[in-house]
Amino acid sequence: MLEETIAAIRPADARALADARAHQDRLTKPPGSLGVLEEVAVRLAGAAGVSPPPMPVPAALAIFAADHGVHAQGVSPWPQEVTQQMVANFVAGGAVANAFAAQTGATVTVVDVGVAADLAPAPGLIVMKAGYGTADLSAGPAMSVPQAVQAVESGISVARGLVEGGARCLITGDMGIANTTASAALISAFTGKDAALVTGRGTGIDDETHIHKVAVVRRALAVNRPGEPLETLAGVGGFEHAALAGFILGGAAAGVPVILDGVIAGAAALVAQALAPAVIDHCVAGHRSAEPGHAAALEHLGLRPLVDLELRLGEGTGGLLAHPLVCAAVRVMHDVATFDSAGVTEKTG
């Protein structure tokens, strides 16, 4: 499934990009006056291979949940059972992501890809465990390569299912206590930046714990030296990172835009890009997380975030907030008149 998906991903269509840029310049507004929104509309046209691009509605959020063995190293003040408790909260509709999804009209699907407990069946919950939490990445590989592939293909499967169900935009979501530690390790491995520059405070740790967290990330990178993309993912990633990478790949292969959330999605996108460089042509950075590693990931990916509200929650919240902006950018291409059709005189000189 992974090989087939990678083979199906196409880079941005040059003709559609050119047509979209030309169309933007004919609309009844000063050229470039919509700033980043124009770039988004052009980007989606290139990804879709047609200008104007299809409206990215309806949208579907997938929240991939998993636990992390590195939690035992004391990198987070939150107990590990919060992961499964928050999954129950998502399913019950009580999380911030649920509120934002209701605001933007997105569906919410929760995927247990590696929670360290058996969860009760519930509507909106899909169980696709690659394991009951990862191993401690600071002591050895977090998972085996076959487990990593299994989790990646779970994400591909979820993306395919949502698109087949009618979704025309995918939004990444995540849940996993201690997953910012794994994210920092992945970002350092794929960007080459020092662990201290990409390791943040996650859910809110003090200075002493942050220093310890950086040391844990450094130890993980020393124990699991970066290699091939899947080996690096298996060494220092999480099951939700793997599934998100597959989710991103699956959306791109299906020709559907993917709005990335924060630092966990950024780390996963680095994995997806390493596996299929053209996948990033199909992605939009929803926001810039307050986590320092996210800025490093976005820079490496060449993506410009739409929203910067100092968010550090995850769950897909930043991606959900960005979705109306993405829709607005595309609607301009469909609904705004051109100078010729409106009989508006263009500027001279």
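User: How many aromatic pairs does the structure hold?

Analyst: The structure holds 1 aromatic pair. This is a predicted model, and the pair is formed by F64 and F247.

User: What kind of pair do F64 and F247 form?

Analyst: F64 and F247 are edge-to-face, with 5.4 Å from centre to centre and 65° between the planes.

User: Where do F64 and F247 lie?

Analyst: F64 is in strand β1 and F247 is in helix α11, which covers residues 239-253. The pair therefore ties together parts that are 183 residues apart in sequence.

User: Is F64 buried or exposed? And F247, buried or exposed?

Analyst: F64 counts as buried because its relative accessibility is 0%. F247 counts as buried at 0% relative accessibility too.

User: Ok, now the core. Which residues have the most contacts inside the largest nonpolar core?

Analyst: Those are F64, L170, I248 and L249, in a core of 76 residues. Helix α12, residues 263-275, supplies the largest share of this core, with 10 residues.

User: What is L249 in contact with, leaving aside its neighbours within four places in sequence?

Analyst: L249 is in contact with L2, T5, I9, V152, A272, L275, A276 and V279.

User: How many residues are in the second, separate core?

Analyst: That core has 39 residues, including V42, L61, I63 and M86.

User: Different topic. Where is H68 found?

Analyst: H68 is in the loop that runs between β1 (59-66) and α4 (82-92).

User: Is H68 buried or exposed?

Analyst: H68 has 1% relative accessibility, so it counts as buried.

User: What is H68 in contact with, neighbours within four places aside?

Analyst: The contacts of H68 are Q80, T134, G176, I177, A178, N179, A182, G238, E240 and H241.

User: And K129, where does its charged end sit?

Analyst: The charged end of K129 sits over the ring of Y132, at 4.6 Å from the ring's centre.

User: Last one, helices. At what angle do α3 and α14 pack?

Analyst: Helix α3 (residues 36-48) and helix α14 (residues 317-335) pack at about 75°, and their axes are 8 Å apart. The two helices are therefore roughly perpendicular to each other.

User: Which residues meet there?

Analyst: From α3 there are L37, V40, A41 and L44, and they meet L325, V326, A329, V330 and M333 from α14.

Definitions and conventions:
Residues are numbered from 1 along each chain as its sequence is written. This is a predicted model: local features need pLDDT of at least 70, side-chain atom pairs count only at pLDDT 80 or more; totals for chains, interfaces and linings use all residues. Side-chain values use heavy atoms; hydrogens and water are left out. A nonpolar core is a set of buried Ala, Val, Leu, Ile, Met, Phe, Trp, Tyr and Cys residues joined through side-chain atoms within 4.5 Å. Buried means under 20% relative accessible area, exposed over 50%, partly exposed in between (1.4 Å probe, protein chains only). Helices (H or I, at least four residues) and strands (E, at least two) are DSSP runs, numbered from the N terminus. Contact means heavy atoms within 4.5 Å. Rings of Phe, Tyr and Trp (its six-membered ring) pair if their centres lie within 6.5 Å; planes under 30 degrees apart count as stacked, over 60 as edge-to-face and the rest as tilted. A charge sits over a ring if NZ of Lys or CZ of Arg is within 6 Å of the ring centre and within 35 degrees of the ring normal. Axes are lines fitted to C-alpha atoms, for helices over the stretch in contact, and angles run from 0 to 180 degrees between N-to-C directions. Angles under 35 degrees count as roughly parallel, over 145 as roughly antiparallel, 65 to 115 as roughly perpendicular and the rest as oblique.
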